[in-house]
Amino acid sequence: MSFVIYAIADPRCRKVFYVGHTARLDLRSEQHLDAGETICGLRIREIVTAGQEPQFIILQDCESERAALMAEIFWIDLFGGRGIALTNNQAFDGYSARAEQKRRLRCELGAETCIEQLAAI
């Protein structure tokens, strides 16, 4: 099974506000459009209310879920390091439920920088 790392961007300002991974981008994008009670969901509702659709951008393809989790960490860290505030950090569910798993993967990588993390994938 393959996975993708994806970003969601606001078409009004062309800025990424969420990074995630999934094996089914078609299904996951529909779930996002149903907008749960997260900061990401509220942002998507604002976009839709303004008559637009959020942009789903594939950032990377991965061959395993473990590789996808590590790549997701890389992309979140990369955007964060560039000063982009992602809504992942403020989610009420979803992201926070996987935070411990991602922390363990960061430790397993033993990588000091995002570049080292990418090389380890």
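This is a predicted model: local features need pLDDT of at least 70, side-chain atom pairs count only at pLDDT 80 or more; totals for chains, interfaces and linings use all residues.

Q: What share of the chain is buried, and what makes a residue count as buried?
A: A residue is called buried when its relative accessible area is under 20%. Of the 121 residues in the chain, 40% are buried. The chain exposes about 6,900 Å², and carbon and sulfur atoms supply 50% of this area.

Q: Why is His-32 called buried?
A: The relative accessibility of His-32 is 7%. The cut-off for a buried residue is under 20%. Because 7% falls under 20%, His-32 counts as buried. His-32 is located in helix H1, which spans residues 25-33.

Q: How do you know that the side chains of His-32 and Tyr-6 form a polar contact?
A: A polar contact requires a pair of N or O atoms within 3.5 Å. The contact that joins the side chains of His-32 and Tyr-6 is 2.7 Å, a value within that cut-off. When residues up to four places away in sequence are not counted, His-32 touches Tyr-6, Ile-8, Tyr-18, Cys-40, Ile-44 and Phe-56.

Q: What makes the buried residues of H1 line one face of the helix?
A: The buried residues of H1 are Leu-25, Ser-29 and His-32. Seen down the axis of H1, these buried residues fall within an arc of 55°, and therefore they line one face of the helix. They pack against strand S1 (3-10), strand S2, helix H2 (39-49) and strand S3 (55-62). Just after H1, Ala-35 takes a positive phi of about 45°.

Q: Is Gly-20 buried or exposed, and how do you know?
A: Gly-20 has a relative accessibility of 1%. Since a buried residue must be under 20%, Gly-20 counts as buried. Gly-20 belongs to strand S2, residues 15-22. Apart from neighbours within four places in sequence, Gly-20 is in contact with Val-4, Ile-5, Tyr-6 and Glu-72. Gly-20 and Glu-72 are 52 residues apart in sequence, and their C-alpha atoms are 6.2 Å apart in space.

Q: Why is the pairing of Asp-10 and Arg-12 called a salt bridge?
A: A salt bridge requires a side-chain nitrogen of Lys or Arg within 4 Å of a carboxyl oxygen of Asp or Glu. The side chains of Asp-10 and Arg-12 meet at 2.7 Å, N to O. The distance is within 4 Å, so the pair is a salt bridge. By this rule the count comes to four salt bridges.

Q: Why does the pair of Glu-46 and Arg-12 count as a salt bridge?
A: The N to O value for the side chains of Glu-46 and Arg-12 is 3.9 Å, and the cut-off is 4 Å. This pair links distant parts of the chain: Glu-46 is in helix H2 and Arg-12 is in the loop between S1 and S2, 34 residues apart. Asp-10, Arg-12, Arg-43 and Glu-46 are linked in a network of salt bridges.

Q: Which residues have the most contacts inside the largest nonpolar core?
A: They are Ile-5, Val-16, Val-19, Cys-62, Trp-75, Phe-79 and Leu-86, in a core of 15 residues. The largest share of this core, seven residues, comes from H3.

Methods:
Residues are numbered from 1 along each chain as its sequence is written. Side-chain values use heavy atoms; hydrogens and water are left out. Helices (H or I, at least four residues) and strands (E, at least two) are DSSP runs, numbered from the N terminus. Buried means under 20% relative accessible area, exposed over 50%, partly exposed in between (1.4 Å probe, protein chains only). A polar contact is a pair of N or O atoms within 3.5 Å; within protein, one must be able to donate a hydrogen and the other to accept it, and residues adjacent in sequence count only if both atoms are side-chain atoms. Contact means heavy atoms within 4.5 Å. The arc is that of the directions from the helix axis to the C-beta atoms. Accessible areas come from the Shrake-Rupley method with a 1.4 Å probe; for residues, only the protein chains shown count as cover. A nonpolar core is a set of buried Ala, Val, Leu, Ile, Met, Phe, Trp, Tyr and Cys residues joined through side-chain atoms within 4.5 Å.
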